Amino acid sequence: MVLRSQIAGTGSFLPERIVTNDDMSKIVDTSDQWIQERTGIQSRRFVGPTDTTSSMGIAAAKNALEAAEMPAEDIDLIVCATTTPDLTFPATATIIQAELGIHSGAAFDVQAVCSGFVYALATADNFVKAGQANNVLVIGSESFSKILDFTDRSTCVLFGDGAGAVVLKATETPGEKSDQGIFSTHIYSDGRYRHNLYVDGGVSTDQRTGYVKMNGQEVFRHAVENMSRAVQTALDTNGFHIDEVNWFVPHQANRRILTAVSRRLKLPHERVISTVDHHANTSAASIPLALDESVRAGKIKSGDLLALEAMGGGFTWGSAIVRM
Ligand code: UT7
């Protein structure tokens with residue numbers, strides 16, 4: 001028998017405020033045509049005055065617990081991926097823990113920017129495999145609009161806000177290809193590339209929050225290469241062929257990146273989950289948001305094999321193979 005983390009439920013939350021490309025063109029010198037052609041984005045959600053990274057994470061977590069039919073008190077670990085925490089400390093995960101009425105176990109944040117959800121999933125899965133957690137909430141939540149420079153058209157049109165969550169449950173499985181649960185996670189980073197995507201402020205430098213700076217073309221190039229390789233490694237590790245993957249659930253940064261990666265992997269576009277048109281890039285929230293939307297739409301079903309991948313600042317990147 002093999003101990004696996006099974007996805008018992010998914011959930012998500014989107015702030016109410018919808019911001020279209022035409023809305024963005026009133027703020028910076030851009031156009032709906034440019035944004036759609038270069039990125040596939042049509043609209044994004046931005047937080048309102050009462051939304052915070054924790055409030056969105058709580059809503060997504062409640063949703064996921066309901067889907068899993070699991071009471072909050074059964075959760076013994078919360079891992080929250082975010083690059084836009086409510087406060088410098090404590091971890092946003094501890095705020096979520098308290099608001100869910102959980103007073104035991106552990107809660108902490110993971111910071112890997114757009115790769116955050118894959119990093120958090122890998123962390124949670126390893127806690128489960130080590131026998132240190134049984135029921136885990138893995139959350140990706142971002143108020144990314146708070147770190148956007150609304151005078152920089154090359155970045156501010158690309159991102160959005162929101163949250164997604166999954167409940168993982170430790171389960172003994174027969175150890176076969178048909179098992180449900182996480183088969184593998186692979187995470188990587190190479191800090192030599194950190195200057196291509198970063199925020200120009202921080203506690204120990206200038207005590208400002210700072211704004212996103214990005215060398216878009218360089219990020220694009222590495223994203224396609226790194227994510228394709230990470231998915232291929234994940235498939236090879238588990239002896240799966242790309243044809244066995246029912247759904248590719250990539251980080252939603254740019255439709256052109258999704259297309260380029262799926263082409264390299266020889267995966268038909270019908271099996272690619274794409275929500276970038278209405279979510280934009282929600283950083284650590286993008287994969288669980290896309291996952292939950294597809295589960296609730298009846299697209300992703302129990303028994304489907306998923307390939308997840310992400311790439312973000314650092315650079316960080318990674319992949320996961322999961323059967324629902
Ligand atoms: O989540 C992980 C992190 N992020 C990513 O994965 C993003 C990766 N990069 C990308 O998605 C793309 O590189 C971008 C969407 C950011 C940019 O697309 P691009 O095709 O690489 O455009 P570019 O940066 O080469 O810019 C082309 C032109 C430039 O004008 P000139 O120099 O050719 O006259 C830019 O100034 O487009 C201009 N431009 C814009 N025009 C209208 C840049 N941003 C805008 C804009 N509206 N918002």
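Colleague: Which element gives the most residues to the lining of the second largest pocket?

Modeller: Helix H7 does, with six residues; helices (H or I, at least four residues) and strands (E, at least two) are DSSP runs numbered from the N terminus. This is a predicted model, in which local features need pLDDT of at least 70, side-chain atom pairs count only at pLDDT 80 or more, and totals for chains, interfaces and linings use all residues. Residues are numbered from 1 along each chain as its sequence is written, and side-chain values use heavy atoms, without hydrogens and water.

Colleague: What is a pocket, and how is its volume defined?

Modeller: Rolling a probe the size of a water molecule over the atoms shows where empty space is left. On a 1 Å grid over the protein atoms alone, a pocket is an open set of points where a 1.4 Å probe fits, with protein on both sides within 12 Å along at least five of seven lines; lining residues have an atom within 4 Å of a point.

Colleague: Which residues lie nearest the centre of the largest pocket?

Modeller: Of its 35 lining residues, these are Thr 83, Pro 85, Gln 111, Val 199 and Thr 209. Strand E9 (residues 197-199) gives the largest share of this lining, three residues.

Colleague: Why does the largest pocket lie between the two domains?

Modeller: Domain 1 (2-173) and domain 2 (181-323) both contribute to its lining, so the pocket lies between them; the bounds come from an automatic or database domain assignment.
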